[in-house]
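The following explanation leads the reader through one structure, step by step. Please keep the sequence and the model in view while reading.

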Amino acid sequence: MRKSKDRSLDRIDHKILRLLQGNARMTNADLARSVNLSPTPCLERVRRLEADGYILDYVTLLNPQKLGSGVVSFIQVQLDRTNPDVFDRFKAEVALCPEVMECHMVAGGFDYLLKVRTRNMLKYRDFLGETLARMSDIKQTHTYVVMEEVKTTHAISV
C-alpha cells in the first residue's frame with residue numbers, strides 16, 4: 001500500500017467515511033451520487049482515504065447467534081509478572097485462540113481484557129480450563145458473562 005501525504009479531512013471525506021462505514025458494499029456510483037461528486041473524483045478520494053490509512057479494510061459482519069457463538073464473556077487477565085517477554089508470550093498465545101474476538105492491554109488492576117465468544121457455557125468452561133488456564137504466566141482471571149448485548153457496533157463517530 002502506498003503512503004500518501006496525510007492531510008486534514010473535509011466534509012466530503014467525512015461523509016464518504018460515514019456512508020462506507022454503514023454500507024461497505026455501496027457502489028462507487030451510489031457513493032458519488034450521495035456526496036455530490038462524479039464517480040472518478042469520488043473513487044480517487046476513496047483510494048486516498050485507503051492509502052492514508054483512514055480505511056483499514058472492508059469486512060462482512062456475521063450473525064454470531066446463527067453461527068453458534070452466542071455467548072459473550074469478558075475476561076480480566078492478570079499476569080504473574082509484567083515484563084516484555086511475558087507480554088509477548090501472552091499475546092502470541094492469545095493470537096492462536098479463535099474464541100478470542102478482542103484482546104486489549106489495559107492500565108489498572110489487571111493486565112489484559114479479553115472479549116470471548118463461545119457456543120455455550122460448557123464451551124466457555126472448556127476454553128477457560130483447557131486453553132486459558134494452560135497459558136503460561138497467568139496469575140488469575142475474572143470472567144463477566146454478558147446477559148444481554150445492549151449495544152454492539154463497529155462504527156466510529158466521524
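In this predicted model, Y112 has a relative accessibility of 1% and therefore counts as buried, since the limit for that class is under 20%. Two further aromatic residues have to be considered together with Y112, because F87, F90 and Y112 form one aromatic cluster. F90 has a relative accessibility of 0% and is likewise classed as buried. F87, with a relative accessible area of 18%, is also buried.

The arrangement of the rings can now be examined. A pair of aromatic rings is described by the distance of the centres and the angle of the planes. The count of aromatic pairs comes to two. In the pair of F87 and Y112, the ring centres are 6.1 Å apart and the planes stand at 75 degrees, so this pair is edge-to-face, an angle over 60 degrees being what that class requires. Because F87 belongs to helix α4 (residues 84-95) and Y112 to strand β3, the pair ties together parts that are 25 residues apart in sequence. In the pair of F90 and Y112, the centres are 4.5 Å apart and the planes are at 35 degrees, so this pair is tilted. F90 lies in helix α4 as well, and its pairing with Y112 in strand β3 therefore ties together parts that are 22 residues apart in sequence.

Helix α4 also contains A92. With a relative accessible area of 46%, A92 is partly exposed. Between the C-alpha atoms of A92 and T27 there is a separation of 38 Å, and the two residues are 65 residues apart along the chain.

Strand β3 leads on to the sheet. Strands of a sheet pair through backbone hydrogen bonds, either parallel or antiparallel. Here four strands make up an open sheet in the order β2-β3-β1-β4, and their pairing is antiparallel. Which strands stand at the edges of this sheet? They are β2 and β4 (138-145); each has a single partner strand, so one side of each is left without a neighbour in the sheet. On average, neighbouring strands are turned by 20 degrees against each other, direction ignored. Strand β1 (residues 71-79) pairs with β4 in the antiparallel sense over seven bridges. As for S73, its bridge partner in β4 is V145.

Rolling a probe the size of a water molecule over the atoms shows where empty space is left. The largest pocket has a volume of about 790 Å³. It is lined by 21 residues, of which L20, Q21, D57, V59 and H154 are the closest to its centre. Sorted by class, this lining holds 12 nonpolar, seven polar and two charged residues.

The second largest pocket has a volume of about 520 Å³. Of the 15 residues in its lining, the closest to the centre are L62, P64, M101, R117 and H154. Which elements give two or more residues to the lining of the second largest pocket? They are β2 (100-105) and β3 (112-118). By class, the lining of the second largest pocket divides into six nonpolar, five polar and four charged residues.

Note on methods: Residues are numbered from 1 along each chain as its sequence is written. This is a predicted model: local features need pLDDT of at least 70, side-chain atom pairs count only at pLDDT 80 or more; totals for chains, interfaces and linings use all residues. Side-chain values use heavy atoms; hydrogens and water are left out. On a 1 Å grid over the protein atoms alone, a cavity is a set of points where a 1.4 Å probe fits but cannot get out, and a pocket is an open set with protein on both sides within 12 Å along at least five of seven lines; lining residues have an atom within 4 Å of a point. Grid points are joined across faces, edges and corners, and a volume is the space filled by probe spheres set on the points. Ala, Val, Leu, Ile, Met, Phe, Trp, Tyr, Cys and Pro count as nonpolar, Asp, Glu, Lys and Arg as charged, and the others, Gly among them, as polar. Rings of Phe, Tyr and Trp (its six-membered ring) pair if their centres lie within 6.5 Å; planes under 30 degrees apart count as stacked, over 60 as edge-to-face and the rest as tilted. Buried means under 20% relative accessible area, exposed over 50%, partly exposed in between (1.4 Å probe, protein chains only). Two strands pair if DSSP finds at least two bridges between them. Axes are lines fitted to C-alpha atoms, for helices over the stretch in contact, and angles run from 0 to 180 degrees between N-to-C directions.
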